[in-house]
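Subject: Structure for your review

Dear colleague,

Please find the structure below, together with its sequence. My notes on it follow.

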Amino acid sequence: MASSYNPTNQRPSNNSKKKQSYKAKICETLNKILNERNMSPADLARKSQVSKATISRLTNYRGTGNEILPNEKTAYSVALTLGRTEKERKMIYHTLRPQAAIKAEAFRKGMPIVDVNIQLYNMGLPTLNND
């Protein structure tokens, strides 16, 4: 497994399906919740104070590469707006920020940073770095 880790943070092309899968899941999850709440993407943008363009990119997965992995502020705002319970908010947040769930679990287990980075990298997610 360690041999697939690339310390230069260059993503190999074979990770594109994994990137697509979590971006598709973001779109699917948000649209399902919006439908359940009888909300439009514009309603979500207004209530979460996230731009319509950002919400549109999250709710319209086409596999074109124009989709985004939202930043923490966006994920938090959307989760807070849509989640009715703590459990729902956490699920929405971790759907929008899958790396947060991976990091939390790794921290709980005491995993070394290199193992966390391998897991993140193999999913096409941003790795832990030296900020």
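Thr 59 is found in helix α3, which spans residues 52-59; helices here are DSSP runs of H or I with at least four residues, numbered from the N terminus. Please note that this is a predicted model, in which local features need pLDDT of at least 70 and side-chain atom pairs count only at pLDDT 80 or more, while totals for chains, interfaces and linings use all residues. Residues are numbered from 1 along each chain as its sequence is written, and side-chain values use heavy atoms, with hydrogens and water left out.

Thr 59 counts as buried because its relative accessibility is 5% (buried means under 20% relative accessible area, with a 1.4 Å probe and protein chains only). Its side chain reaches the backbone oxygen of Ile 55 at 2.9 Å. Leaving aside neighbours within four places in sequence, Thr 59 is in contact with Cys 27, Leu 30, Asn 31, Leu 34 and Pro 41, where contact means heavy atoms within 4.5 Å.

Not counting residues up to four places away in sequence, Leu 44 touches Leu 34, Met 39, Gln 49, Ile 55, Val 78, Thr 81 and Leu 82.

Helix α4 (residues 72-82) packs against helix α5 (residues 86-96) at an angle of about 150 degrees, and their axes are 8 Å apart. Axes are lines fitted to C-alpha atoms over the stretch in contact, and angles run from 0 to 180 degrees between N-to-C directions. On the α4 side, the contact is made by Glu 72, Ala 75, Tyr 76, Val 78, Ala 79, Leu 80 and Leu 82; α5 contributes Glu 88, Arg 89, Ile 92, Tyr 93 and Leu 96.

Finally, Ile 102 lies in helix α6 (residues 98-109) and is counted as buried because its relative accessibility is 11%. Beyond four places in sequence, Ile 102 touches Gln 119, Leu 120, Met 123 and Leu 125. Ile 102 and Gln 119 are 17 residues apart in sequence and 8.0 Å apart in space, C-alpha to C-alpha.

Yours sincerely

Methods:
Helices (H or I, at least four residues) and strands (E, at least two) are DSSP runs, numbered from the N terminus. Buried means under 20% relative accessible area, exposed over 50%, partly exposed in between (1.4 Å probe, protein chains only). A polar contact is a pair of N or O atoms within 3.5 Å; within protein, one must be able to donate a hydrogen and the other to accept it, and residues adjacent in sequence count only if both atoms are side-chain atoms.
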